Amino acid sequence: MLKTLITTGLILLSGMLLAQTECDRSPRTVIYTGESFNVYVANKQAPEVEFPETRLTGLYLEHPENFELDSRAANKITLIAHEDGLHSIASVDGGSGKTYLFRLIDRPGCADWYVKVELPKPVLQHQLARNRKGNIKSLMHHLFKGKRPNGYRLERYTEYEDKDRMVMEMGSVIMLIAEQWIGPKYTGTTYEIVNRGRSGFKFATDALDYYDDNIKASLGKVREISMYPLDRTLTPAPEYVSDLYSGSHRGLVFVVSENVK
């Protein structure tokens with residue numbers, strides 16, 4: 001009797017494991033908000049990825065030698081791994097100026113068949129976050145909370161080297177772009193401010209020329225500026241900090257701007 005129960009249990013367990021590892025290559029859709037997504041690859045299988053663009057203008061692969069690329073369609077790419085066990089980070093540039101980040105993840109014998117990338121649909125008024133009085137919460141409110149509101153696409157720059165995301169340098173203080181939330185009318189931009197010096201520094205956000213043509217071209221018309229810490233004071237870098245100082249040598253500057261068409 002016991003032997004029968006054990007055998008039955010093993011059969012059921014085998015069935016459960018088989019169900020869990022069963023390959024599903026059904027077409028799937030990814031809603032792209034700026035966060036990287038996965039595309040599963042396998043030896044000699046050819047996953048196709050379609051982007052919400054009329055044409056693609058560029059492709060970057062971390063390990064291009066490991067993959068065969070077919071991009072004959074204007075807005076689609078097919079990536080074939082040369083063997084199992086291969087991974088890569090990839091980005092695709094679209095004709096609209098958008099960049100799509102994704103990861104090629106090895107899944108032996110079970111690559112994706114077709115992945116369609118779509119952008120979020122416009123958000124209706126009743127879907128927007130509101131405060132207790134029923135008023136729609138401002139984009140600046142969301143920047144301070146670190147919670148991206150509905151209808152905004154995320155562009156994150158923290159994976160780039162500091163030299164590539166440097167916006168400004170003022171003595172020992174540097175300003176780096178961290179991320180942007182891009183909506184149909186407004187863009188929220190977060191900058192990281194770092195004090196690398198040995199003395200305290202008060203960052204004057206009002207000293208920046210937001211009407212400079214180069215800044216307007218990238219940010220649009222600036223509508224609101226704020227900073228954390230609220231007093232805008234950055235302490236010295238950690239190696240210089242003494243008991244006289246408290247807080248952090250890093251801060252965040254938030255800018256809400258109106259998109260320029």
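Tutor: Buried means under 20% relative accessible area, exposed over 50%, and partly exposed in between, with a 1.4 Å probe and protein chains only. This is a predicted model, in which local features need pLDDT of at least 70 and side-chain atom pairs count only at pLDDT 80 or more, while totals for chains, interfaces and linings use all residues. Residues are numbered from 1 along each chain as its sequence is written, and side-chain values use heavy atoms, without hydrogens and water.

Student: Is Arg196 buried, exposed or partly exposed?

Tutor: The relative accessibility of Arg196 is 40%.

Student: Which residue forms a salt bridge with Arg196?

Tutor: A salt bridge is a side-chain nitrogen of Lys or Arg within 4 Å of a carboxyl oxygen of Asp or Glu. Arg196 lies in the loop between strand 13 (186-195) and strand 14 (201-202), and its partner lies in strand 11 (residues 166-170), so the pair ties together parts that are 27 residues apart in sequence. Strands are DSSP runs (E, at least two residues), numbered from the N terminus. The closest N and O atoms are 2.7 Å apart, and the partner is Glu169.

Student: How many residues does the largest nonpolar core have?

Tutor: A nonpolar core is a set of buried Ala, Val, Leu, Ile, Met, Phe, Trp, Tyr and Cys residues joined through side-chain atoms within 4.5 Å. In the largest one, the residues with the most contacts inside the core are Phe37, Phe51, Phe67, Phe102 and Leu104. Strands 2, 6, 7, 8 and 9 each supply at least two of its residues.

Student: How many residues are in the second, separate core?

Tutor: This core includes Ile177, Phe203, Met227 and Leu234. Its number of residues is 11.

Student: What is the nearest side chain of opposite charge to Asp106?

Tutor: Lys and Arg count as positive and Asp and Glu as negative, while His and the chain ends are not counted. Asp106 lies in strand 8, and is buried yet has no salt bridge. The nearest side chain of opposite charge is 8.7 Å away and belongs to Arg107.

Student: Which residue has its backbone nitrogen 2.9 Å from a polar atom of the Asp106 side chain?

Tutor: Contact means heavy atoms within 4.5 Å. Leaving aside neighbours within four places in sequence, Asp106 is in contact with several residues, among them Val41, Asp84 and His87. The backbone nitrogen in question belongs to Gly85.

Technical notes
Helix = DSSP H or I, 4+ residues; strand = E, 2+ residues; numbered from the N terminus. Polar contact = N/O pair within 3.5 Å; in protein donor to acceptor, adjacent residues only side chain to side chain.
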